[in-house]
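Me: Please take a close look at one part of this structure and walk me through it residue by residue. I would enjoy one connected account.

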Amino acid sequence: MRTAYSVETVRAAERDLMARLPEGALMQRAAAGLAAACADLLGRGYGRVYGSRVVLLVGSGDNGGDALYAGARLARRGAGVTAVLLAPERAHAAGLAALRRAGGRTVGITDADADMGADADADTAAVAAVRRADLVVDGIVGIGGTGGLRPEAVPLAEAAERSGATVVAVDLPSGVDADTGEVRGTALRADLTVTFGTHKPGLLIDPAREYAGSVRLVGIGLDLPAEPELEALQHADVARLLPVPGAESDKYRRGVVGIAAGSARYPGAAVLAVAGALRGGAGAVRYAGPAARDVIARFPETLVSDRGPKHAGRVQAWVVGPGAGDDAGPVAEVLAADVPVLIDADGLRLADASAVRARSAPTLLTPHAGEAAALLGVEREEVEAGRLVAARELAGRYGATVLLKGSTTLVADPKDGEGTAVRVNPTGTSWLATAGSGDVLSGLAGSLLAAGLPARDAGSVAAYLHGLAGRHAADGAPVGAHDVAEAIPGAWRDVMRG
């Protein structure tokens, strides 16, 4: 399980550890890990550390200190290290002294450089140094930063992006929000982020995740609470949660999932939801809706009914809403059932919020950003910019578990405020942004609900398998939703093999 903790929790753990260590020891641990990561990159990309050109972008405080001490280590190995001081009067004094003793040089952000040649009229020495660098270390802002980069740092970020240099962020990219993953202005985009002690939520959630590049975790000995802010399942976690039939299992013990989906206009939504349910391990699938002929033609093993969910027969869970159009009747019938219910697509718009809150059985809502925005009464851009906030808000407002789909899918439980971590899905591919992909996910998650998984586990395991199936099916090329459904068994086997 990969975990992430809030800034407040990390700061408290750091204070406790520093009280037990010699002064400066914690920063030296972080700097050693950062320098090792930089040396690895230089060795792979340029074949050496000696003679490489390293530029440190140094802000005030400990984040800049980490960069300076790491720069000193690289300078002692023969790298040419230049520190660009954005706030010279507040730069970490001991780190700055260490860099200078190791042979590093410093420039301010407004210094002129007589050796810049043709660039002298256009660039300061700082920008010119970044343009010539092999590796740029972003130590501008630490985990306590809010908002985007300050104006004086923006030219440096732009120069780093244009330079072709490898960019390494210290703890997290400057300009992103460590706790929420929001980016409220210009941020520095990294190829690698070296983070200390634990992941921060912003490293796992878009849009900030896009700025982090690859993430390397350096242990520094923090004693962290058992309950994180955010967690991401890995293969072993999913394997432990997946339902596997035993010798005495029959189709009813494995779980019967009901699918109330599709319409005359959108029969394919029903077919794809059923496909996801069948590939997700359900012992049987009951379909109730107007697309029975299409479903049976594709999946003759499906049990069909045209009398609505209430008369479809016994199920252990319901999936309602994909392609439902404007018929609210099936949604109301499903919400009245005393079994777990997954609501997706049109069902989210048709479901009565008070009826959802009144349910005693688990409810799982699976909106994308646009649907979540409509439910919250905000613009889609607001949800996309603050995905963690939106998922938590929806879970609390509806008293339901929320699976917020997107580039990083989040699963938030309504009891989040009482200690349940939000889960972020680490699998997937941009090729999953295709019509019907969400219908497959709904059926898959519904089958896991029917097998007895709690809503939080069903949602997060389904998202994991769905994302992995998307990778397998696409393999770097366009993919259809039906291909994703067919790839689920392969993803399942992949997980079980570890």
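Reply: Let's start with Gly 438, which lies in helix 18 (residues 437-450); helices here are DSSP runs of H or I with at least four residues, strands are E runs of at least two, and both are numbered from the N terminus. The model is a predicted one, in which local features need pLDDT of at least 70 and side-chain atom pairs count only at pLDDT 80 or more, while totals for chains, interfaces and linings use all residues. Residues are numbered from 1 along each chain as its sequence is written, and side-chain values use heavy atoms, with hydrogens and water left out.

Leaving aside residues up to four places away in sequence, Gly 438 touches Asp 344 and Lys 405 (contact means heavy atoms within 4.5 Å). Lys 405 and Gly 438 share an annotation: an unreviewed UniProt entry lists Lys 405, Gly 406, Ser 407, Thr 408, Thr 409 and Gly 438 under "binding site", and such annotations may be inferred rather than shown by experiment. These residues span 34 residues in sequence, yet no two of their C-alpha atoms are more than 13.9 Å apart, so they gather at one spot. Of the listed residues, Thr 409 is included in the lining of the largest cavity, which we will come back to.

First, Thr 408. Its place is the loop between strand 16 (401-404) and strand 17 (410-412). With a relative accessibility of 0%, Thr 408 counts as buried (under 20% relative accessible area with a 1.4 Å probe, protein chains only). Beyond residues up to four places away in sequence, Thr 408 has contacts with Leu 204, Ile 205, Asp 206, Arg 209, Arg 387 and Val 424. For one of these, Asp 206, the backbone nitrogen is reached by the Thr 408 side chain at 3.1 Å.

Now to the cavity. Searching the whole structure turns up one cavity of 30 Å³ or more, meaning a set of points on a 1 Å grid over the protein atoms alone where a 1.4 Å probe fits but cannot get out. The largest cavity holds about 50 Å³ of space, the volume being that filled by probe spheres set on the points. Its lining (residues with an atom within 4 Å of a point) is made up of Leu 233, Thr 409, Val 411, Arg 423, Val 424, Asn 425, Pro 426, Ser 460, Ala 463 and Tyr 464. Strand 18 (422-424) and helix 19 (455-474) are the elements that give two or more residues to this lining, and helix 19 has the largest share, three residues. By type, the lining divides into six nonpolar, three polar and one charged residue.

Ser 460, one of the lining residues, is found in helix 19. At 6% relative accessibility, Ser 460 counts as buried. A polar atom of the Ser 460 side chain lies 2.7 Å from the backbone oxygen of Arg 456.

The Thr 427 side chain reaches the backbone oxygen of Tyr 464 at 2.9 Å.

Technical notes:
On a 1 Å grid over the protein atoms alone, a cavity is a set of points where a 1.4 Å probe fits but cannot get out, and a pocket is an open set with protein on both sides within 12 Å along at least five of seven lines; lining residues have an atom within 4 Å of a point. Buried means under 20% relative accessible area, exposed over 50%, partly exposed in between (1.4 Å probe, protein chains only). A polar contact is a pair of N or O atoms within 3.5 Å; within protein, one must be able to donate a hydrogen and the other to accept it, and residues adjacent in sequence count only if both atoms are side-chain atoms. Ala, Val, Leu, Ile, Met, Phe, Trp, Tyr, Cys and Pro count as nonpolar, Asp, Glu, Lys and Arg as charged, and the others, Gly among them, as polar.
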